[in-house]
Amino acid sequence: MPIPTFVVALLAVMAASTLWSYSRAETVRDVLTFVVIALAAIVLVQIVSLNSLAIGVALSGVILLIWCGILIVSGAESAFTVAGDLLGPYGNRNGLAYALLQSVPAALAMRLRVRLGFVLKWLIVIALAAGIVATGSKTSLLVLAVVITVGVGFLLLRWRRTYGFIWAVCVALVVVVAALNFESLLGILGKSDTISGRIPMWAALVPLVAMRPLTGYGWSLSLPVGAPPSVAIQESVNGIVLYHAHNEVMNWLVTTGALGALLILAIYGLVLWAGLEIVRHTDLVAAAWISLGGLVLLLRGLSEISETLPQGWFVLVILVAASVKYLPSATAHPISKWIALCIPFTAQAHSGTSETACPVPSENRRAVVPQDAPTRHLD
């Protein structure tokens with residue numbers, strides 16, 4: 001069974017930070033929780049097809065929408081904020097938007113093998129998008145727009161590369177225009193020049209990171225009240241108690257230092273690159289979920305936390321585990337051979353000999369078949 005090397009290394013750094021953590025009990029509890037979540041995600045990837053996992057994650061968003069509908073119909077006060085933004089069962093519009101946003105890449109990438117499956121797929125995507133719009137979460141809305149844009153690019157690329165290239169050029173021009181008018185864009189999104197107080201917060205954390213650049217202050221799901229990072233954040237936002245750095249990489253820098261931050265950046269890079277490679281070299285349609293799902297975590301992590309939350313961590317490990325499962329059969333690139341630690345097992349062959357291996361299913365490779373032979377998808 002292939003175990004993602006970067007995930008193991010990151011969990012090791014998180015566990016080691018117990019030795020210098022401001023709150024050791026919280027660090028031990030949270031590390032054990034994340035280890036269990038990671039193991040569950042890795043095993044799921046080994047026993048369930050990627051398309052089935054994508055369908056499951058997409059349907060989880062549909063169930064959440066149904067739950068919101070029940071709250072609305074029942075007249076529950078917790079269904080909406082005073083301003084009319086959808087809260088749902090999370091009691092927090094950003095939390096609800098994040099949960100729905102996680103399901104969008106999976107819905108875009110999944111293949112429904114039922115009658116009118118393509119239509120049903122896009123109805124699910126539209127419903128999830130509508131739910132995100134109803135929350136009023138600006139960050140999630142911006143990430144949603146990017147993910148749908150990239151998802152359309154994937155479809156065009158698989159259809160005809162020329163169309164994919166033209167789409168990429170158009171998107172690049174839009175990005176350049178947005179960058180040149182960044183202040184106006186913030187105004188449209190209803191954000192201040194300080195991005196709702198995040199810039200002063202990050203500025204206050206930089207000196208603390210410099211004091212412990214390699215190891216950080218000890219990993220935990222939320223910064224302990226009274227810990228130096230928590231105090232610095234509180235002082236930078238007029239006494240409001242916040243429990244994270246509102247930026248994923250900054251949060252890892254604070255809690256695990258450069259060791260953890262570099263590993264999480266490596267994981268981002270692996271997921272984005274592996275998804276593209278698998279899509280390019282195989283007919284595994286659901287592989288688009290790998291890159292799109294990683295893109296959601298990366299972009300949302302610019303102003304919030306993503307995989308520091310258990311649900312984000314679960315999805316991230318699924319994407320990494322899928323990368324190390326399918327990438328070696330999609331490319332001969334040397335990096336594909338050391339991105340996983342293999343748990344050896346002994347299998348009895350028909351010839352009576354035994355072998356120890358970390359198998360990669362041969363059917364994952366795009367096969368060259370005669371023109372009159374039927375083709376089949378990987379899952």
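Helices here are DSSP runs of at least four residues, numbered from the N terminus. The model is predicted.

Helix 10 (228-236) and helix 11 each supply at least two residues of the lining of the largest cavity. This cavity has a volume of about 70 Å³. Its lining comprises 14 residues. Closest to the centre are Tyr22, Tyr217, Gly218, Pro224 and Ala227. By class, 8 lining residues are nonpolar and 6 are polar. In total, the model holds 2 cavities of 30 Å³ or more.

Helix 11 also takes part in a helix pair. Two packed helices are described by the angle between their axes and the distance between the axes. Helix 11 spans residues 248-281, and its partner, helix 9, spans residues 198-211. The two axes come within 10 Å and cross at roughly 30°. The crossing of helix 9 with helix 11 is left-handed. Helix 9 contributes Trp202, Leu205, Val206 and Val209 to the contact. Helix 11 contributes Met250, Leu253 and Val254. The contact of helix 9 with helix 11 has 7 nonpolar residues.

Helix 4 (residues 93-109) gives the most to the lining, with 3 residues. The lining of the second largest pocket divides into 7 nonpolar, 7 polar and 2 charged residues.

Attention then turned to Ala134. This residue lies in helix 5, which covers residues 117-135. Is Ala134 buried, partly exposed or exposed? Its relative accessible area is 31%. Buried means under 20% and exposed means over 50%. Ala134 therefore counts as partly exposed. Which residues does Ala134 touch, not counting residues up to four places away in sequence? The contacts are with Gly84, Asp85 and Leu86. A further distance concerns Arg93, which is 41 residues from Ala134 along the chain. The C-alpha atoms of Ala134 and Arg93 are separated by 9.0 Å.

How values were computed:
Residues are numbered from 1 along each chain as its sequence is written. This is a predicted model: local features need pLDDT of at least 70, side-chain atom pairs count only at pLDDT 80 or more; totals for chains, interfaces and linings use all residues. Side-chain values use heavy atoms; hydrogens and water are left out. Buried means under 20% relative accessible area, exposed over 50%, partly exposed in between (1.4 Å probe, protein chains only). Contact means heavy atoms within 4.5 Å. Axes are lines fitted to C-alpha atoms, for helices over the stretch in contact, and angles run from 0 to 180 degrees between N-to-C directions. A crossing is left-handed if the near helix is turned anticlockwise from the far one by less than a right angle, and right-handed if clockwise. Ala, Val, Leu, Ile, Met, Phe, Trp, Tyr, Cys and Pro count as nonpolar, Asp, Glu, Lys and Arg as charged, and the others, Gly among them, as polar. On a 1 Å grid over the protein atoms alone, a cavity is a set of points where a 1.4 Å probe fits but cannot get out, and a pocket is an open set with protein on both sides within 12 Å along at least five of seven lines; lining residues have an atom within 4 Å of a point. Grid points are joined across faces, edges and corners, and a volume is the space filled by probe spheres set on the points.
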